[in-house]
Amino acid sequence: MLWVLVAASFSVPTKGFSCPGSAFPVHASTKVEAIASASCAVVRNEILSRVAKQGQGWHDPHNNGSYSVIDASREDILELKRTTGWPGLFTDKLNFVLEAENAVCVVRGCSESQVFSVSDMSTNYCNLRMLYCGKSDGCRPVVTDFTVTERVVMPSIGAGTNKNACLVVAHSNDYSPSRNLEWLFIARDADLGAKGAFLPFSILRDALVALLRSPFLKRLALALVVDSCRFSELLAPFSPSWYRC
């Protein structure tokens, strides 16, 4: 009974949404209902085009995750997943339901972490937002630019919904250990509403990069930490490039 109550406390309403589910009763998730100033066919095509054009003109600005299609056989529902980390350590599944409403499209998205998690540093929110946001939001459409208004955002307890945390990777090939640490600081500070790191970034960067070069620490992190950036926000700045959400 206690486990059922705990699991229920991390859920959010499901009416009108199609959620992928998760094997872990306690997991981070976010649902978004948005209005797009385009037909549902155009919105659907833009979402699928961003997924298809990864590495060919489009990338995920939220730490360069990798999207893939699970099922796109229906016109009104898209089932996708997003993986991050090395080698694809973390997986989130997300579904979109597209419903025409007069001359616009109602987009209902639901993203769920596939591991035990509470805090997600806005990852599930960004999983959805990065596939429909427009130029006015700071995003880069592939085929069609349209405006989007998010009228309902429903995170699970502990999940973030910070828009600034979604746009932290300017270029798909902009990788280095020190740059990755900077992204983590930016995302963490944005999600927590902090002014900045508690020490000058250059000092923390040099110290952490030196530590992360140790093969032993890499093996230890893989062996002991299930999901550092979601299980504990305190560990997020210490995660190497192959271990981030």
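**Sheet and rings in a predicted model**

In this predicted model, six strands form an open sheet in the order 2-3-4-5-1-6, with antiparallel pairing.

Me: What makes strand 2 and strand 6 the edge strands?
Reply: Strand 2 (66–71) and strand 6 each pair on one side only, and that is what places them at the edges.

Me: How do you know that strand 2 and strand 3 pair?
Reply: Pairing asks for at least two bridges, and strand 2 and strand 3 (residues 77–84) have five, in the antiparallel sense, so the two strands count as paired. Among the bridge partners are Ser68 and, in strand 3, Lys81.

Me: Why is the pair of Phe96 and Tyr132 called edge-to-face?
Reply: Here the centres are 6.4 Å apart and the planes stand at 85°, and since edge-to-face begins over 60 degrees, with centres within 6.5 Å, the pair meets both limits. This pair links distant parts of the chain, with Phe96 in strand 4 (residues 90–101) and Tyr132 in the loop between helix 3 (123–129) and strand 6 (148–155), 36 residues apart.

Me: How do you know that the charged end of Lys31 sits over the ring of Phe17?
Reply: The charged end of Lys31 is 5.7 Å from the centre of the Phe17 ring, where the distance limit is within 6 Å, and Lys31 is listed as sitting over that ring.

Notes: Residues numbered from 1 in each chain as written. Predicted model: local features only at pLDDT ≥ 70, side-chain atom pairs only at ≥ 80, totals over all residues. Heavy atoms only, no water. Phe/Tyr/Trp six-rings, centres within 6.5 Å; stacked < 30°, edge-to-face > 60°. Helix = DSSP H or I, 4+ residues; strand = E, 2+ residues; numbered from the N terminus. Lys NZ or Arg CZ within 6 Å of the ring centre and 35° of its normal.
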